[in-house]
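This report covers strand pairing, helix packing, chain contact and backbone exceptions, in that order.

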Amino acid sequence: MAIDEKVKEIIVKLLGVNPEEITPEAKFQEDLGADSLDAAQLAMEFEQEFNIDIPEEDANQLTTVGQAVEYLTKRTQS
Amino acid sequence: MKLLEGKTAIVTGGALGIGRAISLTFAEHGCDVAVCDIDVEAAKKTAAELRAIGRKAEAYAVDVADAQAVAEVTDKIVDTFSRVDILVNNAGITRDGLIVRMTEADWEAVLAVNLKGCFNCIKAVTGPMMRQRAGAIISIASIVGMMGNAGQANYSASKAGVIGLTKSVAKELASRHITANAVAPGFIKTRMTDALTEAQRDKMLEQIPLKRFGSPEDVARAVLFLASPLAHYITGQVIVVDGGMMM
């Protein structure tokens, strides 16, 4: 499964939003209704799914779905 | 009435003393138990007792002060039991001594197991509990964490730390229906208190209005209550189980 599809799946499962709402521009907190704990949990789910370690300062930069996909693509390629 | 039917609990230091009583009490109430202890032989014995009363139970060797080991064991437990509903942070040690004689190693060993151990275990179960949107975390503190005790600077500091940790966790995780509470035992008859002299014990007894020492089961029943649905509106609290000693 492509990275963006996997990311979408994780977001749908965690935040209980419709897949159509998940656009690259969608902000986790403002648009998708995530609170700070959801954001922390998202980072944790990404770490587990993609088998990487996401430093706190990186996680704080990932505010939109597109940023997360881009970051995870970069991290899993290197 | 069985209070924990279908639940799974992790009990650290679950092999002996108060931890064993908690494991047995939970099992009697229908709970499956992952018995974690640094003494794996004792943990295996306790797990066998739990299976004898019809519950699923496994023994795990783990030093709670070792974050990596705690994370790995928690993964194994989630694989085996499929869920974690309850964490009981019970593992604890003492290295008593007057502060002028207390070594840095004594301080660090006690803080590492009693306080960092709680942090490590809470951190490890937070993921699974947040996914389940439910959980109960109960940490064993001590009345000396609230009143202090000569000769136990390290132990009392670690137990006071457990109370602060419990309250922060309660606030952080409340929105996910995860409760965090502490039980603060007074003088309970275990290996830990057997180490005291007769004179020390007599002095303690004088200060206990109920005029007897507590049993591990007295503590286990308070933990059972906090782990059960009966306590689902209680979080960030400390229940003192001490025969009225600290009033």
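Two strands count as paired if DSSP finds at least two bridges between them. Helices (H or I, at least four residues) and strands (E, at least two) are DSSP runs, numbered from the N terminus.

## Basis of the model

The model is predicted: local features need pLDDT of at least 70, side-chain atom pairs count only at pLDDT 80 or more, and totals for chains, interfaces and linings use all residues. Residues are numbered from 1 along each chain as its sequence is written, while chains are lettered from A and ligands numbered from 1 in the order in which they are written.

## The sheet of chain B

Chain B holds an open sheet of 7 strands with parallel pairing, in the order S3-S2-S1-S4-S5-S6-S7. Its edges are strand S3 (57–61) and strand S7 (238–241), each of which pairs on one side only. On average, neighbouring strands are turned by 15° against each other, direction ignored; axes here are lines fitted to C-alpha atoms, for helices over the stretch in contact, and angles run from 0 to 180 degrees between N-to-C directions.

Strand S1 (residues 8–12) of chain B runs parallel to S2(B) and is joined to it by 5 bridges; across this pair, B:Ala9 stands opposite B:Val33. S2(B) also pairs with S3(B) in the parallel sense, over 5 bridges, and there B:Val35 has B:Ala59 as its bridge partner. Elsewhere in the sheet, 4 bridges link the parallel strands S4 (residues 86–89) and S5 (residues 135–140) of chain B, with B:Asn89 opposite B:Ser139.

A residue is buried if 20 or more other C-beta atoms lie within 10 Å of its own, exposed if 12 or fewer, and partly exposed in between, with C-beta atoms placed from the backbone. Because 6 of the 6 residues of S2(B) are buried, the strand is largely enclosed by the rest of the structure. B:Asp32, B:Ala34 and B:Cys36 point one way from S2(B), and B:Val33, B:Val35 and B:Asp37 point the other way.

S2(B) belongs to a right-handed β-α-β unit with S1(B) and helix H1 (residues 17–28), and to another right-handed β-α-β unit with H2(B) and S3(B). A crossover is right-handed if, with the strands pointing away from the viewer, the path from the first strand over the helix to the second runs clockwise.

## Helix packing

Helix H3 (residues 67–81) and helix H4 (residues 104–132) of chain B have axes that come within 9 Å and cross at roughly 35°. Residues are in contact if their C-beta atoms, placed from the backbone, lie within 7 Å. On the H3(B) side the contact includes B:Ala67 and B:Val70, and on the H4(B) side B:Asn120 and B:Cys121. By class, the contact residues are 8 nonpolar, 2 polar and no charged; Ala, Val, Leu, Ile, Met, Phe, Trp, Tyr, Cys and Pro count as nonpolar, Asp, Glu, Lys and Arg as charged, and the others, Gly among them, as polar.

## Contact between chains

4 residues of chain A are in contact with 4 residues of chain B. The chain A side comprises 2 nonpolar, 1 polar and 1 charged residues.

## Positive phi values

B:Ser82 is not a glycine, yet has a positive phi of about 70°. B:Ser82 lies in the loop between H3 and S4 of chain B and is exposed, with 10 other C-beta atoms within 10 Å.

B:Lys211, also a residue other than glycine, has a positive phi near 55°. B:Lys211 sits in the loop between helix H8 (198–206) and helix H9 (216–227) of chain B, and counts as exposed with 9 C-beta neighbours inside 10 Å.

Terms used:
Contact = placed C-beta atoms within 7 Å.
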